[in-house]
Amino acid sequence: MNIDTKLGPYMKSNDTTFKMMRRLIISLIPIVLFSVYKNGVLPYLKGYTNFFGMLYPLVFIILGCMSTLVTEEIFLIVFKKKKGNELLDSIKDGYGIIPGLFLSLVLPINTPLAILFIGGIFALLIGKMIYGGFGYNIFNPALIGAIFVITCYGTLISTNGGYINRLELDTVSSATPLTNVNLVNDISYDTLVKPYGGISSFLIGTIPGALGETSSILIILAFIYLTITKTIKWRIPTSYILTFILMVSLYSCITNMGTWYILFEVLSGGLLFGAVFMATDPVTSPVTPKGQILYGMALGLMTFLIRYLTSYPEGVMTSILFMNVFVLFFDKIGSRIEYNKKYYIFYIVMILVIIGLGTYIGIKNIPNEEVDLDYNIVDIEDNDGIKKYTVIQKGFGGDIKSLITFDSKGIKSIEILDHYESEDRYKMVMDEKLLNKIIENQNNVSNVDTVSGATISSNAIKKMVENTINAYIKDTGVTIKNNSIEIISKEYNKDAILYVIRLSSFNGKMDLQVVMKNNTIRTIIPLKYNDTCISETNKSEYYTCPEYLDQDYINKLIINQNNLDSVDTVSGATISSKALKEAVTYMKEEGLNG
Amino acid sequence: MRGIKLKGYRKLTKDKEIITFDKPKYVYIPLICSNSTDVEIKIRRGSNVKIGSVIAISNKNGLPILSSVSGTVIDYEDKYAYNGEIIKTVKIENNFKEEYIEVSDIKEIDKYTKKEFISILKDFGIRGLGGADFPTYIKYDTKTSIKNLIINAVECEPYITSDYTLLKDNISEILETIDAIMTINKIHNAYLVIKKDKKKLIKKIKEVIGSYPKIKLSTVPDIYPMGWEKNIVNYVLHKNYDRLPIEVNTVVNNVSTIYSIYEALKYKKYMDSRIVTIVGDGIKKSRNVKVKIGTDLSLVLEELGYKKKELLLISGGPMMGRAIESENFTITPNVNCVLILKTTENDIPNVCMRCGKCAAICPAKLSPVLIKESINDPKELKKLNVDRCVECGLCSYICPAKIMLRNSVVQAKKNVRDAK
């Protein structure tokens, strides 16, 4: 009798570790192909790069894979003394390729190949092998490599072009969407989403970003495929993204941002890629189902906090690496919670913290809207686009009652109907043409100087107009354009546009020639102006005053046209330099609208 | 509820004719009761016995082990039993007279008092025939009021069709018994639970169940381990309990157990034979076989065209069954299936990559991989609730690295018990 006895059960699923790894790689193929298309083929077709440039993304990804594979094999030969078939098996199982593949997909396209390779070696040795190899590492090897590369060589990479490929360098913008949040000073659909062509670009993936991270739709499809085939721990990305959405929704509800903002936050910064592929790395995530949900919640919480409390862009990667440390803790809860209900306290605490922090940060960021108790709207009349506001503002002697008329261009007229100011003061205000000055500077009323001797009265009038403008913006959604700037001529020259604009400056009108190409200001040349400086030697009418209109200042404005806040005004010529700055803002808007 | 749909293989035996094999020359009554071999032997070599004569009494729970044939006790002999271990059996020579022990006080099936009912269950050694071998009278002998009775005919393991065959041929007897048990124990609701895919049987039951308005037919999906008490109670009653179904006023009985109760109540007769599914790719004819308790397996196998070669014999289904080393095996009342498979190469276990599939599928909501990691730490194992493992085998089944997790968990259970 010869019976082979072995251990039960005598049925086994036909799934194997190798097959799971293969499915993971299959799910990444569309993402890799899209990345090659977007970063290689498309620039090549549009003539921005040569043939090698077309294949560059592919070379980049293959080199990434090779970096970790070669390191693993060398490690096995040198330290584990493996030979022949054993080595072949280790190549076949594909564990060596995956960290490198992921590494190349999360790094900027302009990472030098040598640095990518060093990153791969680092990822494998420090991230995986020193813990004993596959199955024993604590941190996600690819993320260890990526964080190493970004922290050590970040400046080198960004001077090399960062995340921007050749095509995007010329067309889209100079930064990834998420870095823009820290650069632009008013966060709105127009500044964050529109430059890239709308939310659909975020879904398809034609936005600047790391190689594999941009195409949200492909990542979502990969997630569905991997979930149906039971390859990844689907609970982690689900609870990660849901937690993040919950927090951003609270934030956006409180700050009145709208749905686009939630989508923007979820679809940018590699969140989906990180959640689906990085957070679910089997070795470095919890094994228990409830632990996985909790882990995802913690990740969502931390990513939100990094994004809103710091200007550090790698929020997803950092959160995942940080939470890797606590995997054992989450498993401990996850394994006990089924029969020991007191561990649910962790869930409750987590949910409370999430809601609390989402609300807190939202409230902190509400734009300061002070309610002026001295101001009152008596009547609003709407007549075919012409809006008439009858308003009251408390002045020095009593209420000032006025009629302010808006047409499509902004304030058309201001009429004082009634007032209790002393006749002297009223006369002074009128003599100074304060109302006209306000109408001229209606986009920036606070800049208008008050009338000395009638400060309180003129401040009251200014306040009244400002309050009415705010009410008008709230009612109609129309922004008040700079009235003091007008376009005199507009000329098309191939894809460049040549503008001549006139603006009011320190001493009367000033004419500028501005050349724009693809919504970007290329040159600004002062043509005609009366601004004078303290120079005594040259008193001719048209002359370049080096102190405030020198080319240095103009260049600074052109370079920082997306981030004008960082350019300081020139002391001694504050008004002139402010006027120029406003001109740049005006032209940027003009470029976007027209 | 966690579980998975397994490939069924039930066509091999389902709806094929039953082979009766009730005239063995010798039977080997195993001296084991409720997983305990601690028994007091009541006969000597040369004793004459009848069907239903007491061979031994368990010291653990007082349940008798009864003879399945009439004849003479010859000797003791060692045989393999359902748990894969060698146990002592009593060899009885059959005189083919089929004599039963004398009984008295036979009443109508539903006219017994609860006290009589429990003592009948005890006297006729009625045990859970689904595999657990748990004394049935203990389930009814409780102060908690029983509100629901669930008849488990789910048979969720692949290959096995013995309960199906029994139910198909004895629907009216089984319904009659359920009704009697309900009357005796004052139970309001009873649910006969079978799988959704057994459409013919469902139709057949629906034709007759109308005369028992208190008994409901309940169908469950074909997932493993649907037949586990906790899953059935959860699915049918939407109730969760911690350790035993009686916590939610429920008793769960296997359908074969109900049939043995039927014979005991109706005729005061010991159920001396049972249906066993003998199936697999290692045997010519896969059939349901009606055999005397204590029959030597090798005789049955010969009848079905079994050739001695490299085969794997398993007592029970493919998921929870145990390998037996030789066909020198005696059929105990709780053996519902003998699986004969061609041997395949063992998979070499790979490194665990912590995919978490075992923890996600475990119907008892344990974390097998964590249990395996702390197998030598009884304190931690206790916190991981390892005693709740039902040994369904899904963790080993699902593991992509082919790690034998179930064995680790079973070992861990042992380690916890030993540490006490």
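In what order do the four strands of the open sheet of chain B stand? This predicted model gives the order S11-S10-S9-S12, with parallel pairing.

**View 1. The open sheet of chain B has four strands.** Strand S11 (215-220) and strand S12 (250-254) of chain B stand at the edges with a single partner strand each, so one side of each has no neighbour in the sheet. On average, and with direction ignored, neighbouring strands are turned by 25° against each other.

**View 2. Strand S9 (residues 148-152) of chain B runs parallel to S12(B).** Five bridges join these two strands. Look for B:Leu149, whose bridge partner in S12(B) is B:Val251. Helix H7(B) packs on the sheet here, touching both S9 and S12 of chain B. The direction of H7(B) makes about 85° with that of S12(B).

**View 3. Helix H3 (residues 162-169) of chain B crosses helix H7 (residues 255-267) of chain B.** Their axes come within 9 Å and cross at roughly 45°, and the two helices are therefore oblique to each other. The crossing in which H3(B) passes H7(B) is left-handed. On the H3(B) side, the meeting residues are B:Asp163, B:Leu166 and B:Leu167; on the H7(B) side, they are B:Val255, B:Ser256 and B:Tyr259. Sorted by class, this contact holds four nonpolar, one polar and one charged residues.

**View 4. Chain B touches chain A.** Here 46 residues of chain B are in contact with 31 residues of chain A. Elements that give two or more residues to the chain B side include strand S16 (322-324), strand S17 (337-342), helix H9 (357-361) and helix H13 (405-419). Strand S15(B) gives the most, with four residues. The chain B side divides into 25 nonpolar, 11 polar and 10 charged residues.

**View 5. Domain 1 of chain A meets domain 2 of chain A.** Domain 1 spans 15-169, while domain 2 is made of 173-207 + 232-364. Taken over C-alpha atoms, the centres of these two domains of chain A are 24 Å apart. On the domain 1 side, helix H1 (17-45), helix H4 (97-106) and helix H6 (141-159) of chain A each supply at least two residues. H6(A) gives the most to that side, with four residues. By class, the domain 1 side has 11 nonpolar, three polar and one charged.

Conventions:
Residues are numbered from 1 along each chain as its sequence is written. Chains are lettered from A and ligands numbered from 1 in the order in which they are written. This is a predicted model: local features need pLDDT of at least 70, side-chain atom pairs count only at pLDDT 80 or more; totals for chains, interfaces and linings use all residues. Domain bounds come from an automatic or database domain assignment. Two residues are in contact if their C-beta atoms, placed from the backbone, lie within 7 Å. Ala, Val, Leu, Ile, Met, Phe, Trp, Tyr, Cys and Pro count as nonpolar, Asp, Glu, Lys and Arg as charged, and the others, Gly among them, as polar. Axes are lines fitted to C-alpha atoms, for helices over the stretch in contact, and angles run from 0 to 180 degrees between N-to-C directions. Angles under 35 degrees count as roughly parallel, over 145 as roughly antiparallel, 65 to 115 as roughly perpendicular and the rest as oblique. A crossing is left-handed if the near helix is turned anticlockwise from the far one by less than a right angle, and right-handed if clockwise. Two strands pair if DSSP finds at least two bridges between them.
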